[in-house]
Amino acid sequence: MLTASSIAQIMVSGLLTGLIYALVAVGLSLIFGLMNVVNFAHGEFLMLAMYATFGLALGLALDPLVAVPIVMAALFVFGAAVYLGIVSYAMRARVNSGMVQIFSTFGLAILLRGLAQYFLTPNYRSIAHSWLGSRTFALGPIYVPAPQLVGALISIAAFFALWLLITRTDFGKAIEATREDADAVALVGISKNRVFALGWGLGAMLVGLAGAILASFYYIYPNVGGPFALIAYVTVALGGFGSVFGALAAGVIVGLVEALTAVILPSDLKEVGVYAVYLAVVLFRPRGLFGSI
Amino acid sequence: MNVTRRNVLLGSAAVMATMATRVRAAQPKDVAIGVLYPFSGPSAQVGVDAKFASETALDIINNRHDLDLPLAKSAGLPGLGGAKVRLVYADHQGDPQKGRAEAERLITQEKVCALIGTYYSSVAVTVSQTAERYGLPYMSADNSSPSLQRQGLKFFFRAAAHDEMFSKGMFDFYDWMRKKGTKIDTLALFHEDTIFGTDSSNAQLKFASERGYKVVADIKYHANSPSLTAEVTQLKAANADVLMPSSYTTDGILLVKTMAELGYKPKAIVAQAAGFSDKALFDAVGPQIQGLITRGSFSLDLAAKRPSVGAVNALFKARAGKDLNDNTSRELMALIILADAIDRAKSTDGEAIRKALVATDIPGTRTIMPWKRVKFDAQGQNEDADPVLLQYVKDKLVTIFPPQAAIAAPIWPMGA
């Protein structure tokens, strides 16, 4: 059977994975909290960020860590553009506006996947040489791969920075205000449209950060966003739509539960543990652990 | 009527018109075959390669080539007056329900006379049942699940081996190594959870218990998981003599990467091909799996003994930019065998093609595979499709078993 050190290894890996899940999920949570729109193309944003990191590594020989700020900036612009170009129009629909919003981002997801497959081929890519790439730290009997460790640390730093942004800056206050009452903020001089666009940019930028980190140790192909997006939706729902801390907490919970379930049950059922926890939370607390809606 | 110039012109035009239609009717209609592979989704690259393989086979069938393969030396199908074969492609996306829907569409709307595919054994189940319902043959090109021929279908045919034959090959290899003094006692199975992985591991469990090997870990995992650390930690804890994965490409890549991250170096890996015969996997993680062994249907080093293998590989490489591998060779060969049966049936009627397939008897030397021959048994399975074991040495796959096909001795353990 499994020794204590094996279980410790699984828990450490689950924790690191969970922090990265949290980073993937927080952008989604932010966008939903801000304007009640679920971004069904979230996984594809992740995929684009990974391809961008790969492209920079291949074309300019940039290490993924160095490419992070560039990819984040690019995704910020892309996210804002998606809002301005697609979602803002979808939100103007008078009839069935909920469905229109869903289908607009869902259609975008399919389009992005198709374009990626057409132009970039479905072949699997990896970044062969990166500074963190194949390093592993051995803490006693536990192996901690460097990319996952750095990714987890960056994730914690990003959450801290995001918390500072939301609570300490004017922009953060504008986001909170717009979230509370999007139509009233015009009265205090906040442009709702501008906040939404910047909110989308911020959400996309966060998932771009996650993508740049993942690209250093995960394989890249057009459908790579799928499994991560699914986990992101569960994480956001578990943590509470719109709650940044909820995304962090839920991400860690999902990562740990998934890893431990793989040991207790046959590992093809490891998702069952995650969904069981989610069901339990939703039954007793429908808005999620830290949700405010 | 008056023989005016006008009447002569009208009359001759009418005669020419009827003659023209008669000439067109005498030209043979083309023969449509439905080709189902995953052209999108996680295995899209497999579909892209399968298309190249199918087009290469089509070139061999429809044009004259000086090769000792069925239908190579003629242009088109001589039994149907030189009719050309036309391929109609459909994307099943790895989803059995989509596979069923696409098969129905190919049969009822595109009017194909036979189906071929599908890479995923899970999709082959629904596609073969659809073909059976409409009474036309399904040729399994590259599915390896041993349940497929046991569905009791009359219209199911498979030229290549299935996972019980492949697994038997693996255990024959272990017995052979044991006789030479190598210690192989414990095995770890690592398999995905669709019909491919499940049947593969069942076959391996059966052989392990029959031949006295202990299975110390049997890990069934969910395909396309973002993380396999929990699974690999269990494998590492079990520390078997041989790790036996049955995985598709994405999981294979993640498995190898995770093993490297967690510092787990198994003594030997003997894979059930699929992802482990995909060039994409070796491009991604090749350096970490030098010495990996996989079962296969095909070995490129056969080209040294049989010139047609090298020639066909050159035709394929010109289209695909890479060599034939385990999957593409089977896809190519199966299409040629199917077309050969349609040719011998001299008809596009499903039952006639089925009878011709049942009567197939092609010697292995007339194929590009190391098979003894192609002859389908009562369940539609070719029991003479001998598998080989290949080892990844210095970035090449080298045949190491059975001894009569091997060109190198196995390197064991893999890190040696």
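What percentage of the 416 residues in chain B is made up of buried residues? Buried residues account for 56% of chain B, in a model that is predicted.

View 1. Chain B contains 12 helices and 14 strands. Its C-alpha atoms occupy a box of roughly 100 × 45 × 40 Å along the principal axes. The radius of gyration of chain B is 24 Å, which agrees with the value near 22 Å that a compact globule of 416 residues would have. When contacts in chain B between residues at least 6 apart in sequence are considered, 67% of them link residues at least 24 apart.

**View 2. Chain A as a whole.** Chain A has 10 helices and two strands, and along the sequence these follow the pattern α-α-α-α-β-β-α-α-α-α-α-α. The C-alpha atoms of chain A fill a box of roughly 60 × 50 × 35 Å, taken along the principal axes. For 293 residues, a compact globule would have a radius of gyration near 19 Å, and the 19 Å of chain A agrees with this. Buried residues make up 54% of the 293 residues in chain A. Among contacts in chain A with a separation of 6 or more, 76% are between residues 24 or more positions apart.

**View 3. The side of chain B that touches chain A.** The contact brings together 31 residues of chain B and 30 residues of chain A. On the chain B side, two or more residues come from each of these elements: helix 2 (44-62), strand 7 (214-221), helix 7 (229-238), helix 8 (249-261) and helix 9 (279-285). Sorted by class, this side of chain B has 13 nonpolar, 13 polar and five charged residues.

**View 4. The two domains of chain B.** Domain 1 of chain B covers 31-161 + 302-385, and domain 2 of chain B covers 164-296 + 389-401. Their C-alpha centres are 28 Å apart. The contact between them involves 17 residues from domain 1 of chain B and 18 residues from domain 2 of chain B. On the domain 1 side, helix 2, helix 4 (121-134) and helix 11 of chain B each give two or more residues. Helix 4 of chain B gives the most to this side, with three residues. By class, the domain 1 side has six nonpolar, nine polar and two charged residues.

**View 5. An open five-stranded sheet in chain B.** The strands of this sheet are arranged in the order 2-1-3-4-5, with parallel pairing. Strand 2 (85-91) and strand 5 (156-158) of chain B are at the edges; each has a single partner strand, so one side of each is left without a neighbour in the sheet. From one strand to the next, the twist averages 25°.

**View 6. Strand 1 and strand 3 of chain B, with the helices that pack on the sheet.** Strand 1 (residues 31-37) and strand 3 (residues 114-117) of chain B pair in the parallel sense over four bridges. Within this part of the sheet, B:Ile33 stands opposite B:Ala114 in strand 3 of chain B. Helix 3 (residues 96-108) of chain B packs on the sheet and touches strand 1, strand 2 and strand 3 of chain B. The direction of helix 3 makes about 170° with that of strand 1 of chain B. Helix 11 of chain B also packs on the sheet, touching strand 1, strand 2, strand 3 and strand 4 (138-140) of chain B. The direction of helix 11 makes about 165° with that of strand 3 of chain B.

View 7. Why is B:Lys322 classed as partly exposed? Within 10 Å there are 15 other C-beta atoms, a count between the 12 or fewer of an exposed residue and the 20 or more of a buried one. Leaving aside residues up to four places away in sequence, B:Lys322 touches B:Lys279 and B:Lys317. The C-alpha atom of B:Lys322 is separated by 9.2 Å from that of B:Asp49, 273 residues apart along the chain.

View 8. The C-alpha atoms of A:Ala138 and A:Met205 are separated by 32 Å, with the two residues 67 apart along the chain.

How values were computed: Residues are numbered from 1 along each chain as its sequence is written. Chains are lettered from A and ligands numbered from 1 in the order in which they are written. This is a predicted model: local features need pLDDT of at least 70, side-chain atom pairs count only at pLDDT 80 or more; totals for chains, interfaces and linings use all residues. The radius of gyration is taken over C-alpha atoms; the globule rule is 2.2 Å times the number of residues to the power 0.38. Two residues are in contact if their C-beta atoms, placed from the backbone, lie within 7 Å. Ala, Val, Leu, Ile, Met, Phe, Trp, Tyr, Cys and Pro count as nonpolar, Asp, Glu, Lys and Arg as charged, and the others, Gly among them, as polar. Two strands pair if DSSP finds at least two bridges between them. Axes are lines fitted to C-alpha atoms, for helices over the stretch in contact, and angles run from 0 to 180 degrees between N-to-C directions. Domain bounds come from an automatic or database domain assignment.
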